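Visitor: Hi! I'm new to reading protein models. Could you walk me through this one?

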Amino acid sequence: VQEAAIMYKMLIICSLCSLPLRAELYDIIALQLDIERDYKITTTQYTFLFLAFYVSSIMTGMFVGFIADSCGRRPVLMILYLINVIGFTLNLVSAYKLSYAWLLAGRLIAGLVVESIVPILDEIVSDYAGKRQAYALSIRFSFGQFGMVVTVLLVPALYNIRGSMIPPCWFMLGLVLFGLVMAIILVAIDSRGKNKKDLATCQDVLKIPSFLVFITISATMSLGLGVAFAAFFPGYAQIREGWGNQMASVFLSCFLIFNFVGSPLLGIVVDKFGHHSIFLLVGSFATACGFFAFAAIPMCTRCAFLVIPLFFLGVGGITILPASISIIPMMTPRKVITFTFSLYRTLMAFWIKIFTVLSGILHDLTINRDHGYYWMCVFLLIAELFAFVLLLIVTFADLAGDRKLFQSKKPKAEPPKIEDVKEEKMKIQDSVPDKKQQ
């Protein structure tokens, strides 16, 4: 009972630290068209604002993860949160100056640390989670989704108060400062940091299984496709389907709420039954169905049909994430677990960057913006089918090997070996005193 209480205490604090991290990514998504108009930029330039986080994280994610493994996570965590505050202070300055360069610089600086903070929080959660890895890691992820929901709903309303980015930027800076306060509390009560003998070296990094790396590449590719489309969903809903910005934000928030609620529930199922590969395949197929539905919906319907593809994308996300991220503690040496979590986030950031840029360029190259969103969905569908094929390869490779992805969490007891039985009998005979000696 005491261990469970400690786990939930650390889980709640880590989750509260996560609130601003995902929100920082989505604070501009709900205002895509407003930002393009106010800052006088194109859709392609807007995608670079969205990708500034991921460009920075690709450059620093694994490096910072290795530093946290080799030097300790607590001091690294505090430095990262302070840099994050600096980045969003620059965002506030850009709102007053209406400067695209200041906004881009602020997001680049914040991006240097945001995707590096998440793996450290995941490591702390994993340290205290015990056998409930998928459930605990999904809870921490869900609080990040909740921060996105709050941001997507509040940011358009705050923008409409003055028709300016100033109120949203003040709100985001306050949320980031709240995350800093929670990080200070977390560092003060974290008692399971690594000892000197547990600190990582470069040789420990080479011990990460190559099979785990291939699983991570395949799973993060599928997740990255869903996040890439979410960046364009408000524009898709407003221009192709005729919604207003607040209605588009409501639809997007429903998708995020679904992820917030569904991820922990699927985490419980994964922890109980195992069979990670099945969950990965189901999630990738559901994501492909979502992209197909987005492309198939007629233009300017202004109806609730958008719920159907959003539902499929949500099922894909809540299935793939707990199944894939819980494999890391199962297969990774403890010395380099933060580095491996960083590898997971870096690969996801890489896929998001690639697919968001390509989708934005494809959109701008088409003559009609409506058809641009159609071909964007077709492109993402083809990419998701490729990710599904990669996961199939992983599945068959695992079936031909030691079947780690198909192991049940409650394996059947194997019959004892003959040698073990004989050894146990010898121990019992040795422990019984001889009658003659008595």
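Visitor: Where is K40?

Guide: K40 sits in the loop between α2 and α3 (43-71). Helices here are DSSP runs (H or I, at least four residues), strands are E runs of at least two, and both are numbered from the N terminus.

Visitor: Is K40 buried or exposed?

Guide: K40 is exposed, as its relative accessible area is 71%. Buried means under 20% relative accessible area, exposed means over 50%, and partly exposed is in between, using a 1.4 Å probe and protein chains only.

Visitor: Before we go on, where do these values come from?

Guide: This is a predicted model, in which local features need pLDDT of at least 70 and side-chain atom pairs count only at pLDDT 80 or more, while totals for chains, interfaces and linings use all residues. Residues are numbered from 1 along each chain as its sequence is written, and side-chain values use heavy atoms, with hydrogens and water left out.

Visitor: Okay, back to K40. What is its phi?

Guide: K40 has a positive phi of about 55°, although K40 is not a glycine. Most residues other than glycine have a negative phi.

Visitor: Which other residue has a positive phi without being a glycine?

Guide: L98 is one of them, with a phi of about 50°. L98 is in the loop between α4 (73-97) and α5 (100-129). L98 is partly exposed, with a relative accessible area of 46%.

Visitor: What does I35 touch?

Guide: Not counting residues up to four places away in sequence, I35 touches I28, K40, I41, L49 and M165. Contact means heavy atoms within 4.5 Å. I35 itself is in helix α2 (residues 32-38), and I35 is buried at a relative accessible area of 0%.

Visitor: And how far apart are I35 and Y46 in space?

Guide: Their C-alpha atoms are 7.8 Å apart, and I35 and Y46 are 11 residues apart in sequence.

Visitor: Let's zoom out. How many helices and strands does the protein have?

Guide: There are 16 helices and zero strands. The protein has 438 residues, and 57% of them count as buried. Among contacts between residues at least 6 apart in sequence, 83% join residues at least 24 apart.

Visitor: How do α11 and α12 cross?

Guide: The axes of helix α11 (residues 276-296) and α12 come within 7 Å and cross at roughly 155°. Axes are lines fitted to C-alpha atoms, for helices over the stretch in contact, and angles run from 0 to 180 degrees between N-to-C directions. α11 and α12 are therefore roughly antiparallel to each other. As for the word, angles over 145 degrees count as roughly antiparallel, under 35 as roughly parallel, 65 to 115 as roughly perpendicular, and the rest as oblique.

Visitor: Which hand does the crossing of α11 and α12 have?

Guide: α11 passes α12 in a left-handed crossing. A crossing is left-handed if the near helix is turned anticlockwise from the far one by less than a right angle, and right-handed if clockwise.

Visitor: Which residues meet there?

Guide: Those from α11 include F279, L280 and F291, and those from α12 include L310, F312 and L313. The contact of α11 with α12 has 14 nonpolar, eight polar and no charged residues. Ala, Val, Leu, Ile, Met, Phe, Trp, Tyr, Cys and Pro count as nonpolar, Asp, Glu, Lys and Arg as charged, and the others, Gly among them, as polar.

Visitor: What about α12 and α14?

Guide: Helix α12 (residues 307-325) and helix α14 (residues 337-365) pack at about 150°, with axes 12 Å apart. That makes α12 roughly antiparallel to α14, and the crossing of the two is right-handed. L321, S324 and I325 in α12 meet F341, Y344 and R345 in α14. By class, that contact has four nonpolar, one polar and one charged residues.

Visitor: Is S342 buried or exposed?

Guide: S342, which is in helix α14, counts as buried at 1% relative accessibility. Leaving aside neighbours within four places in sequence, S342 is in contact with G61, M62, G65 and P119.

Visitor: Last topic: how many disulfides are there?

Guide: There are zero. A disulfide is a pair of cysteine sulfur atoms within 2.5 Å.
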